[in-house]
Amino acid sequence: MPRRQFQDVFENVSTGSVSANIASIADGNEVNQSITCTGAALGDMVLVSCSIDTADLTLTGTVTSANTVEVIVANNTGGAVDLGSATYKAAALKPRAGLF
């Protein structure tokens, strides 16, 4: 019998992606990129990824409104970083009631 760990923990998974060419990010700065994830809601957990090497930048994600995930690309590397064109993906995960 296949294990369904992920499906048993989350009642909804909303996904989305966007291609973007984020301009150079100075040290200590960050850039936000919106991604439409139909079904995402405030309070959902978020996973984010990038299609290229992030060069030590930090990616985080949060649901900012219904159906919208903001990916935050933060630079704390000590110098400016220009990632170039990439695809950013997000998954908003709604936990089943009572698990967290």
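The report below takes these topics in turn, and the model it describes is a predicted one.

## The sheet

Three strands make up an open sheet in the order β1-β6-β3, and their pairing is antiparallel. The edges are taken by β1 (10–22) and β3 (45–50), and because each of these has a single partner strand, one side of each is left without a neighbour in the sheet. From one strand to the next, the twist averages 15 degrees.

The pairing of β3 with β6 (residues 84–95) is antiparallel and extends over 6 bridges. Serine 49 has lysine 89 of β6 standing opposite.

## A nonpolar surface patch

On the surface, Met45, Leu99 and Phe100 form a nonpolar patch, and together these residues have about 330 Å² of accessible area. Leucine 99, one of the members of this patch, lies in the segment that comes after β6. Its relative accessibility is 47%, so leucine 99 counts as partly exposed, given that this class lies between the limits of 20% and 50%.

## The cysteines

The count of disulfides comes to 0, the criterion being a pair of cysteine sulfur atoms within 2.5 Å. Cysteine 37 is in no disulfide, and the nearest cysteine sulfur, which belongs to cysteine 50, is 15 Å away. Cysteine 50 is likewise in no disulfide, with the sulfur of cysteine 37 as the nearest cysteine sulfur at 15 Å.

Cysteine 37 is buried, having a relative accessible area of 0%. Cysteine 50 is buried as well, with a relative accessible area of 17%, because buried means under 20%.

Methods
Residues numbered from 1 in each chain as written. Predicted model: local features only at pLDDT ≥ 70, side-chain atom pairs only at ≥ 80, totals over all residues. Heavy atoms only, no water. Pairing = 2+ DSSP bridges. Helix = DSSP H or I, 4+ residues; strand = E, 2+ residues; numbered from the N terminus. Axes fitted to C-alpha atoms, helices over the stretch in contact; angles between N-to-C directions. Patch = residues over 30% accessible without salt bridge, like charges linked within 9 Å, V, L, I, M, F, W, Y side chains within 5 Å. Areas by Shrake-Rupley, 256 points an atom, 1.4 Å probe, with all protein chains shown as cover. Salt bridge = Lys/Arg side-chain N within 4 Å of Asp/Glu carboxyl O. Buried < 20%, exposed > 50% of the residue type's maximum accessible area, 1.4 Å probe, protein only.
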